[in-house]
Amino acid sequence: MPELDDRIAVVTGSGSGIGRGIALVLAQRGADIVVADIDADAAEAVAGEVRSLGKNAVSIPADVTDRESTAALASVAIKEMGHIDILVNNAGVGGAPGWWQRDSPTPEDWEATYDVNVIGIVNATSSFEGHLTERRSGRIINIASGAGRRGAGGFAHYSASKAAAINVSQGFALQLAPFDINVNCICPGLLWTPLWEKIAERDRIKSGETVLTGRQVFDERLERSTPLGREQTPEDVGRLTAFLASDRSKNITGQSINLNGGSYMN
Ligand SMILES: NC(=O)c1ccc[n+]([C@@H]2O[C@H](COP(=O)([O-])OP(=O)(O)OC[C@H]3O[C@@H](n4cnc5c(N)ncnc54)[C@H](O)[C@@H]3O)[C@@H](O)[C@H]2O)c1
């Protein structure tokens, strides 16, 4: 029997990239999925992909920066699915719209990264907390970043928000442990997703690069920084999420796990 049979997972930001990969891997492992994203069309497209794997899925438009929106997400998700076992806080941004075209982060970029990457976790977790504590069971997996492990020149707003995401995960792990709810964090390294396409574009603009494509900028960074020499994939993150959502990890909580091909070790 697949290890997540009968489990129901909510994945924020699952209309694209890593979140989509997590949703599909959890579904392959037996879970039904609530696809939550600020982009309603993208969310519905991924919900369709989950259904084509033979699992139940609903898409719910939600903005994690808005507590009323995450509260509505929780109430609709519980109503539609009956209950929730797993919450994956994956939604994240690199700054305010157009951040990749700026030389250095603006106050709006700082605000946007904190709003989505930190307060977004707090909003969604707080909105599902009552339901999970009442059931005295649950798994919460937060997607931080290798960027949260050390400072990043010119990208401090993002890396600081991800460091906060790691710390917030520890706080919730302590708070929710008495209710048998495990909270862990994944720190991915380099994944070629729409987010990294923007980072590559920013790096190209900053360095005046006209020859390399965005993908080549990414490959160069990968070669420079990753001992295993392989890019990480949304499926990699999905597999680790599935482990952290399964009974195999029931004594793991408050941890942040690097998934980065060895680019940072701790
Ligand atoms: N791509 C990488 O190399 C990498 C590395 C480490 C960590 N991460 C983290 O992984 C997560 C996913 O990143 P990705 O690369 O898939 O990015 P992405 O841009 O492809 O996907 C992010 C998704 O989040 C959604 N989203 C944005 N703001 C939202 C909001 N306010 N409410 C709800 N949904 C919202 C977007 O619509 C999008 O579907 C992020 O937290 C990111 O910081 C990415």
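Select S16 and the ligand together, and you will find a polar side-chain atom of S16 lying 2.7 Å from an oxygen atom of the ligand, which is a polar contact (a pair of N or O atoms within 3.5 Å; within protein, one must be able to donate a hydrogen and the other to accept it, and residues adjacent in sequence count only if both atoms are side-chain atoms). Next, select T193, where a polar side-chain atom is 2.5 Å from an oxygen atom of the ligand, and then I38, whose polar backbone atom is 3.3 Å from a nitrogen atom of the ligand. Taken as a whole, the protein covers 92% of the 840 Å² of accessible area that the ligand has on its own, with areas computed by the Shrake-Rupley method with a 1.4 Å probe, and with only the protein chains shown counting as cover for residues.

Keep in mind that this is a predicted model, in which local features need pLDDT of at least 70 and side-chain atom pairs count only at pLDDT 80 or more, while totals for chains, interfaces and linings use all residues. Residues are numbered from 1 along each chain as its sequence is written, and side-chain values use heavy atoms, with hydrogens and water left out.

Now widen the selection to the 28 residues around the ligand, of which S16, I18, D37, Y158 and T193 come nearest; a residue is near if one of its heavy atoms lies within 4 Å of the molecule or strand in question. This shell divides into 15 nonpolar, 10 polar and three charged residues, where Ala, Val, Leu, Ile, Met, Phe, Trp, Tyr, Cys and Pro count as nonpolar, Asp, Glu, Lys and Arg as charged, and the others, Gly among them, as polar. Colour helix 1 (17–28), helix 5 (156–176) and helix 6 (194–207), each of which supplies at least two residues of the shell, and note that helix 6 gives the most, with three residues. Helices (H or I, at least four residues) and strands (E, at least two) are DSSP runs, numbered from the N terminus.

Move on to V183 in strand 6 (residues 181–188). Is V183 buried or exposed? V183 counts as buried because its relative accessibility is 1%, the cut-offs being under 20% relative accessible area for buried, over 50% for exposed and partly exposed in between (1.4 Å probe, protein chains only). Although V183 and F172 are 11 residues apart in sequence, their C-alpha atoms are 6.6 Å apart in space. Leaving out residues up to four places away in sequence, V183 touches several residues, including I140, F172 and L176, where contact means heavy atoms within 4.5 Å.

Then select T125 in helix 4 (residues 107–135), which is also buried, with a relative accessible area of 1%.

For the next stop, go to R136, in the loop between helix 4 and strand 5 (138–143), which is partly exposed, with a relative accessible area of 48%. R136 has a positive phi of about 50° although it is not a glycine, and D180, in the loop between helix 5 and strand 6, has a positive phi of about 60°. Most residues other than glycine have a negative phi.
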